[in-house]
Amino acid sequence: MRTVAVTKIGSLRDPDEGARGRIGVVDFPDQPLGPEDVRIRVAYAAICGSDPHLAEGFFGTDVPIGLGHELSGVVEALGERAVRNGLRVGDRVAGNFLRFCGTCRPCQDGRQQFCENIQEYNRPGMAETVTWHESQVYRLPDEVSLLKGCLLEPTSVAVRIADKTRIRVGDRVAVCGGGPIGQLALQVMRMYGATSLTMIEPIAERREMALRHGAQHVIDPVSENQFARADEITDGRGYDVVIDASGSVRAVRGLLDIAAKGGTVVYGAMYPHDFEMPLGLSDYLYLKELTLTGVFVSPYAFPRALQILPHLEVDELTAAVFDLDDAVAAFEAHMSGRHPKVIIRCNDVESAAGEGTP
Ligand SMILES: [Zn+2]
Ligand SMILES: [Zn+2]
């Protein structure tokens, strides 16, 4: 089974070609179909901002490392007991790349994100097929195309970020980073009744995208004074909720200064292992009573992500589509930053099924 994988560890940005990480299409063995499993013929799998971190060896260095956790597809086969959610062969689906076992202590304690068996079904989905446990699979609503459906997983991350903000209607909200997670989080914050909704982002196209989908203000942190602008937008009070979706080590420290007293800052991205952010405990935790938190994965978020997906505006995120054989070019396009999101078409499921869905 052809699968997109990291074939050499290294930064995909390394100017030295000898040291640069590499992506390739590798043949992986088919996964077994257990009695509670669902085999999915993958239609679309999106490249995630975390994928280049995998190339750098963030989660291990044994290559090849199969990629792909944001996907949609069509049910191809069901194990004999995989019927509890009413799934049928031919259903259009998306889902959670992680299976929460339900049995371990964290799962039983309401903290599925720390499931001790979380890796068991974490299988690469940027592939011809992927086999998941039935609990990972969600049928897509009729009005959601397979192309849009591959954004269910990043949408679940935006939902989880929203959960961690503990936003109240009317709170002033800033989102830092206009990549896919930042754009989705912005739209989710808009649904929550956020005010002074601000996108902080250096790339002009991404600021414009945010303005088209609910941002009331945008700040270019390179050419503008972010602190003065934030003061002006919030009458000097700061934002009640600040979300980092940039993962930028240059950006993260300044977010503490634009947060309001008593505010919440959610660090909703991945950060380099060795990065340490200076944090004045007296200023930020004692005097300002900030709540700082983060997001690892998105438990308890998929059913709600499925509910809001039809209402999200994502055309800009689904515009760049490459075929599986062109995965290397797709990653180059991702690294270039030219597209807010790059998607790989793993199978031409739609014309095979005679479906007219875009
Ligand atoms: Zn992702
Ligand atoms: Zn568990």
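Reply: This is a predicted model. The C-alpha centres of domain 1 and domain 2 lie 28 Å apart. Where the two domains touch, the contact takes eight residues from domain 1 and eight residues from domain 2. On the domain 1 side, these residues divide into two nonpolar, four polar and two charged.

Me: Which residues does the domain assignment give to domain 1 and domain 2?

Reply: Domain 1 is given as 2–151 + 314–352, and domain 2 as 158–294.

Me: How do I read a sheet, and in what order do the strands of the open sheet stand?

Reply: Strands of a sheet pair through backbone hydrogen bonds, either parallel or antiparallel. Here three strands form an open sheet with antiparallel pairing, in the order S2-S1-S4.

Me: Why is one side of S2 and of S4 left without a neighbour in the sheet?

Reply: Strand S2 (22–27) and strand S4 (65–66) stand at the edges and have a single partner strand each, so one side of each lacks a neighbour in the sheet. Helix H11 (residues 327–336) packs on this sheet and touches S1 and S2. The direction of H11 makes about 150° with that of S2.

Me: How many bridges join S1 to S4?

Reply: Strand S1 (residues 2–8) is joined to S4 by two bridges, and the strands run antiparallel. Val6 stands opposite Ile65 in S4.

Me: Which strands pair with S5?

Reply: Strand S3 (residues 37–46) pairs with strand S5 (residues 71–78) in the antiparallel sense, over seven bridges. There, Arg39 stands opposite Ala77 in S5. S5 also pairs with strand S6 (residues 92–95), again in the antiparallel sense, over three bridges. Val74 has Arg92 in S6 as its bridge partner.

Me: Now a helix. What span does H4 reach from its first C-alpha to its last?

Reply: The general idea comes first: an α-helix has 3.6 residues a turn, so residues three or four places apart point the same way. Helix H4 (residues 152–165) has 14 residues and reaches 20 Å, close to the 20 Å expected at 1.5 Å a residue.

Me: Is H4 mostly covered or mostly open, and how many of its residues are buried?

Reply: H4 is mostly covered, with twelve of its 14 residues buried. Among them are Leu152, Val157, Val159 and Ile161, but also Glu153 and Arg160.

Me: What follows H4?

Reply: Arg166 follows H4, and the phi of Arg166 is positive, near 50°.

Definitions and conventions
Residues numbered from 1 in each chain as written. Chains lettered and ligands numbered in written order. Predicted model: local features only at pLDDT ≥ 70, side-chain atom pairs only at ≥ 80, totals over all residues. Helix = DSSP H or I, 4+ residues; strand = E, 2+ residues; numbered from the N terminus. Expected span 1.5 Å × (residues − 1). Buried ≥ 20, exposed ≤ 12 C-beta atoms within 10 Å, placed from the backbone. Domains from an automatic or database assignment. Contact = placed C-beta atoms within 7 Å. Nonpolar A, V, L, I, M, F, W, Y, C, P; charged D, E, K, R; others polar. Pairing = 2+ DSSP bridges. Axes fitted to C-alpha atoms, helices over the stretch in contact; angles between N-to-C directions.
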